[in-house]
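Q: Please take a close look at one part of this model. Then show how the rest of the chain is built around that view.

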Amino acid sequence: MMVRFRKRIKLHDLKKVTSLPSEEENIEPISSDLSKNEQILKDLFQNCFDFVIRPINITGKPKILLIYLEGLIDTKTLENVLLKPMLFEGLPSGLGEIRTIGQVIEEQLIAVTPIKTVSQIKELVNGVLKADVGILIEGQTDALLASLAGFEKRDVEEPTSEITIRGPRDGFTESIGTNTTLLRRRIRSTRLKFEPLSLGELSQTDVVIAYIEGIALDSLLEEVRKRLGRIQIDAILESEYIEEFIEDVPHSPFPQIQNTERPDIVTANLLEGKVAIIVDNTPFALLVPMTFWDGMQAVEDYYERHIYTSFIRMIRYVLFNMALYLPSIYVALTTYHPKLIPTKLLISIAAAREGVPFPTIVEALLMEFVFEGLREAGIRLPKAVGSAVSIVGALVVGQAAVQAGIVSAPTVIVVATTGIASFSIPRYNLGTALRLTRFAMLILAGIFGFYGITLGFITLTIHLVNLRSFGVPYFTPVAPQIPRDLKDVLVRSPRWALQTGPMFTFGKDKQRVPPGQKPDPQKGGRDD
């Protein structure tokens, strides 16, 4: 009986849901009867306290109806531009009878730009939901949409997730208009294109495809349009929603789409022939395609001299390997291959491990879990206490664990060194993939020793070599090897030596820097 009762409730609820009006059905044209349009709009916005219908009556003129959502528009502009001229100044003399909406625009009655004309209820509703003011006039089958957006938005500030010592300090905001403006300020060319579209059946989120015409490959643009066009979802709340729909291998831990909140990074990638996907209501833009080497490059690599940058970049790759393999190598050596450890160091490790009840693999896994927990606690807690809790927690827990004989001091040192090395990864999503892979390597080392590490290394290499990002091999330009693009992988060559962009996005015959610009004081400052 209980099962039947539950089934009846579900069917009843389903009938209630299906009886609700569908937005797709509101495709009827705007009626010349203003009261009929008003009733349709009231039914659609039923129980929406922020929906405002404001009638305007002018003696001897047709009745006008303003509709908008309170909080989305600039009320001061509404009063000064629309209400005051109509209510106090009246329509311009000599205007005569208002026959069409086009006459209102032609006579410049409404000094608002941009203004567009719509003829369907659905178009009118969508405009109001996107912070426009709808203007309906008695006897007219068209309506005006005036752009008077004035909702609260965050000011342009320095990005908190991508800090740099030298470079621009502005970052994207949650306003898509502000973000496209930041890009336009950096690339003042008509070749910078912004293709708009809306995603999300309910959210109708504005999305922009940004690229530079003549640099981005047509095949890449078509693939981006195709993947975005097949997205069907109720709402897009953040760019990550889109990322999961368009990546090549969804179950890989390694990111195939780069995200950033820095307009200078987006600009630099656009100049290399990549495509940016900018989403409203989030400061994080997406860049495609992405390679493994993109995740290892920091923004400051291009704002410092190439000698220093190359040195730091090589250190970064060493730290990457330490963060991935150091705990597993330590476990393999101490558990299966102690003869490979120098005698004095082996004696020191054995003395430190005396009295520890757990094997090395359990020690390492325990400390890794504690370290990850402290890292997450530092991120989730308020800024005022987050860093303090992370540091104090690491010191107290590590010291107490060693003194209690639960873990050995060498294990704490190895885990702490691994954690420091992982912080050197510029991209957070690549660092997350590294953290997941490290646990797999650690378990393989604990079971099979160096054979397990070798197996993990081969499996990981095969996976990365076969990984694709919008059809581009993840290890490009190393595998497959493109010699001309190796100038900006392990090291960064001088800017005057980076004459061409990446071949996989830039093409074969395009140049960014003409040859012969190497500084040479003996030849007038240039190498001619």
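A: **A hairpin and its setting**

N281 takes a positive phi, near 75 degrees, in the hairpin of β9 and β10, which has five residues between its strands. Strands here are DSSP runs of E with at least two residues, helices are runs of H or I with at least four, and both are numbered from the N terminus. The model is predicted, so local features need pLDDT of at least 70, side-chain atom pairs count only at pLDDT 80 or more, and totals for chains, interfaces and linings use all residues. Residues are numbered from 1 along each chain as its sequence is written, and side-chain values use heavy atoms, with hydrogens and water left out.

Start with strand β9, residues 275-279. Five of its five residues are buried. Buried means under 20% relative accessible area, exposed means over 50%, and partly exposed lies in between, with a 1.4 Å probe and protein chains only. Which residues cover the two faces of β9? V275, I277 and V279 lie on one side, A276 and I278 on the other, and all are buried.

Next, the neighbors of β9. Strands count as paired if DSSP finds at least two bridges between them. β9 and β10 (residues 285-288) run antiparallel and share three bridges. There, A276 has L287 in β10 as its bridge partner. Strand β7 (residues 205-212) also runs antiparallel to β9, joined by four bridges. In that pairing, A210 partners A276 of β9.

Now the nonpolar packing elsewhere. In soluble globular proteins, nonpolar side chains tend to be buried together. A nonpolar core here is a set of buried Ala, Val, Leu, Ile, Met, Phe, Trp, Tyr and Cys residues joined through side-chain atoms within 4.5 Å. The largest such core has 25 residues, and F254, F292 and Y474 touch the most other members. α10 (292-295), α11 (306-335), α16 and α17 (450-466) each give this core two or more residues. α11 gives the largest share, six residues. Another core lies apart from this one, with 20 residues, including L199, A216, L220 and I257.

A contact means heavy atoms within 4.5 Å. Leaving out residues up to four places away in sequence, Y474 touches F254, P255, Q256, M290, T291, F292, L430, L464 and L467.

G449 follows α16 and has a positive phi, near 70 degrees.

Charged pairs come next. Side chains of opposite charge can pair when their charged atoms come close. A salt bridge is a side-chain nitrogen of Lys or Arg within 4 Å of a carboxyl oxygen of Asp or Glu. The whole structure holds 23 of these salt bridges. One joins E372 and R438, at 3.3 Å from N to O. E372 sits in α13 (residues 360-380) and R438 in α16 (residues 428-448), so this pair ties together parts 66 residues apart in sequence. E372 counts as buried because its relative accessibility is 11%. R438 counts as buried too, at 2%.

Another salt bridge joins E195 and R225, at 2.7 Å from N to O. E195 lies in strand β6 (residues 192-199) and R225 in helix α7 (residues 218-229), so the pair ties together parts 30 residues apart in sequence. E195 is partly exposed, at 23% relative accessible area. R225 is partly exposed as well, at 28%.

R169 and E158 meet in a further salt bridge, 3.7 Å from N to O. Both lie in the loop between β5 (143-147) and α6 (176-186), 11 residues apart. R169 is partly exposed at 38% relative accessibility, and E158 is partly exposed at 33%.

Finally, the whole protein. Its secondary structure comes to 18 helices and 12 strands. Of its 528 residues, 43% count as buried. Among contacts with a separation of 6 or more, 65% join residues 24 or more positions apart.
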